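Subject: Structure handover

Hello,

Here is the structure you asked about. Please open it and keep it beside this email as you read.

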Amino acid sequence: MEAQSSSGLLLSRKRRRDGSNGETEDGERLGKIPRCTVGLKHPAPFADELVPADSKPYERVSMDEAKRGTPPDRPVRVYADGIFDVFHSGHARALMQAKCLFPNTHLIVGVCSDDLTHKYKGFTVMNEDERYDAVRHCRYVDEIVRNAPWTLTPEFLAKHRIDFVAHDDIPYSSAGSDDVYKHIKEAGMFAPTQRTEGISTSDIITRIVRDYDVYVRRNLQRGYTAKELNVSFINEKKYHLQERVDKVKRKVRDVEEKSKEFVQKVEEKSIDLIQKWEEKSREFIGNFLQMFGPEGALKHMLKEGKGRMLQAISPRQSPNSSPTREERSPSPTFRLPFFSKTSPPPSPPPHHSGARGYLISEDDDDEDDDEN
């Protein structure tokens, strides 16, 4: 059931129009997938470890029946074979396409042995046990066939009850044949898949060979010996020397980058200080002119102080509205006996010398009476 639900989720995704790699078209985005755990908890079993199939005769399903969907107890048995050396995403995508060919699919994967692979294709990086184990941990695989044949025979197809064979439709010439899948295509059992461009075992090996020195130095640094890497004594010393030179270069580069950062920070701080100094200087000049300039506050203060000093020094004038001497109401006066009865001429105004006049007011008479 988990395999069926996972295949249903995968089938719901949009593919390219050319069907390659199971990827979406440009501008299209995958819909959100419900959060659920659809992964298997155990690796795929080997075919020779499974219980034998039931005794019912082997009857293939047609392509139309497979596309319409088969009963849960009768999945479409799809077979895909290969070397699967240095298992990568291109292998996984091919197996995903084979798994998603039909709504109810049981995917059987055949992996060729070392002897057969070295005979027909060449030396491998991983041995057969490593390749078996890598493929059986792929989530799309339901069953593993070890020591798979190079060319599929009717006996092999009947033994494993295979309905369809999935592989890319490029003619695969090997073992003296122009296309080892030619008889499968003629029998109507071939289901084509698409290769993933830009990734293959040969491409990965080419990258390693191209950057051989880099990876040798990397592994020597990680503790591998020259003997394990099949490196001569002279090359080992050369790689160690190159590693030291590279370390020095990296240190020099780091120092240069740090010095550039330091200079940049100093420049930024100097620019900030200059800007702040200019702002403060403008503010200082403005305050100075406001205080000591031609129309500054100091000039106004001096003018105001000068005016106050002149006002304090000069005599105070009588107000214009004060009554004159003639307008004032005279106080009653008394004449002394030795003065004539005729009214004397008006006395001049008193001087600052303090001389008293001859007219005595009532207040002066009162003071004389008190003395008597």
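pLDDT is the predictor's confidence in each residue, from 0 to 100. A contact means heavy atoms within 4.5 Å.

This is a predicted model: local features need pLDDT of at least 70, side-chain atom pairs count only at pLDDT 80 or more, and totals for chains, interfaces and linings use all residues. Residues are numbered from 1 along each chain as its sequence is written, and side-chain values use heavy atoms, without hydrogens and water.

Confidence comes first. The chain has a mean pLDDT of 78, with 73% of its residues at 70 or more. Over residues 351–365, pLDDT stays under 50, and the model has 10 contacts beyond four places in sequence for them. Residues 1–27 also stay under 50, with 51 such contacts. Where pLDDT is low, the predicted coordinates should not be read in detail.

Next, the sheet. Helices (H or I, at least four residues) and strands (E, at least two) are DSSP runs, numbered from the N terminus. Two strands pair if DSSP finds at least two bridges between them. Five strands form an open sheet in the order 3-2-1-4-5, with parallel pairing. Strand 3 (143–146) and strand 5 (190–193) are at the edges; each has a single partner strand, so one side of each lacks a neighbour in the sheet. Strand 1 (residues 76–82) pairs with strand 2 over seven bridges. In that pair, R77 stands opposite H106 of strand 2.

Last, S113. This residue sits in the loop between strand 2 (105–111) and helix 4 (114–120).

Best wishes
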